[in-house]
Amino acid sequence: MDGEHSVATGGQAGHPTAGQAGHPIRSFVLRQGRVSNAQQRYRADLMGTIGVPYRAANVDLDALFGRPAPRILEIGFGMGETSAAIAASHPENDYLGIEVHTPGVGSLCKLVAELGLHNQRIIQHDAVEVLRDMIAPASLAGVHIFFPDPWPKKRHHKRRLLQPPFVALLASRLQPGGIVHCATDWQDYAQQMLTVLSAEVLFENTATGFAPRPEDRPQTKFEQRGLRLGNGVWDLVFRRR
């Protein structure tokens, strides 16, 4: 997220569509990114406390956070700046972030420590497997997907996160009235998102087409720079029926 389109952004979602040799097509590619000493240190220190290991069983969210509260899942939090800002601004909610890349996980751990956040947890694993195996149906109040990898080349569009099977899985994990909020700075991907989300019978659009940027989504420096250069950003906010 954060407008950088890291290869893990938009989460680490593998779509059910089979690729070569029967392997699922994934919306992320694992690459060796540089991990700073601080990121390594904070990840090592905090993931034992705020990290959630993947396992094929529903996680008890009340036990995980130590309270009942609205739960927001973020898929692909990048370096975590927006995640931490939102969690700090809304202590009444709990936030579960999914990211595959170690530098981003370490960065968010550092922000959690610096801001003293108690309502942020992290899973470093494939988002589709987490949603399918760990998140109970109708257990989420919201889902955030900010600036997922746009996979701009047409032959790579099948790798984009927002595809009908994944949207249906998202809808099944949201409570009635729950919100999915997506944002992208690629217009053709924005249009595809709008088409796919609108086609899901369990979702209704909260706007006519694209939505104004909700105040709850902070603007990143990357986004602000793009807007100054005349680049567009498209937000989509859909509600679970």
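In helix α5, residues V128, L131 and R132 meet F166, L169, L170 and R173 of helix α6, contact being defined as heavy atoms within 4.5 Å. By class, this contact of α5 with α6 comprises five nonpolar, no polar and two charged residues; Ala, Val, Leu, Ile, Met, Phe, Trp, Tyr, Cys and Pro count as nonpolar, Asp, Glu, Lys and Arg as charged, and the others, Gly among them, as polar. The model is predicted, with local features requiring pLDDT of at least 70 and side-chain atom pairs pLDDT 80 or more, whereas totals for chains, interfaces and linings use all residues. Residues are numbered from 1 along each chain as its sequence is written, and side-chain values use heavy atoms, with hydrogens and water left out.

Helix α5 spans residues 127-134 and helix α6 residues 164-173, and the two pack at an angle of about 40 degrees with their axes 10 Å apart. Helices (H or I, at least four residues) and strands (E, at least two) are DSSP runs numbered from the N terminus; axes are lines fitted to C-alpha atoms, for helices over the stretch in contact, and angles run from 0 to 180 degrees between N-to-C directions. Helices α5 and α6 are therefore oblique to each other, given that angles under 35 degrees count as roughly parallel, over 145 as roughly antiparallel, 65 to 115 as roughly perpendicular and the rest as oblique. Their crossing is left-handed, the term used if the near helix is turned anticlockwise from the far one by less than a right angle, and right-handed if clockwise.

With helix α1 (residues 37-50), the axes come within 8 Å and cross at roughly 70 degrees, which makes α1 roughly perpendicular to α4. Among the residues making this contact are Y42, L46 and I50 of α1 and V105, C109 and V112 of α4. The residues of the contact of α1 with α4 divide into 10 nonpolar, four polar and two charged.

With helix α3 (residues 81-89), the axis of α4 comes within 9 Å and the crossing angle is roughly 30 degrees, so that α3 is roughly parallel to α4. The crossing of α3 and α4 is right-handed. Here E81, S83 and A84 of α3 meet L108, L111 and L115 of α4, a contact of four nonpolar, one polar and one charged residues.
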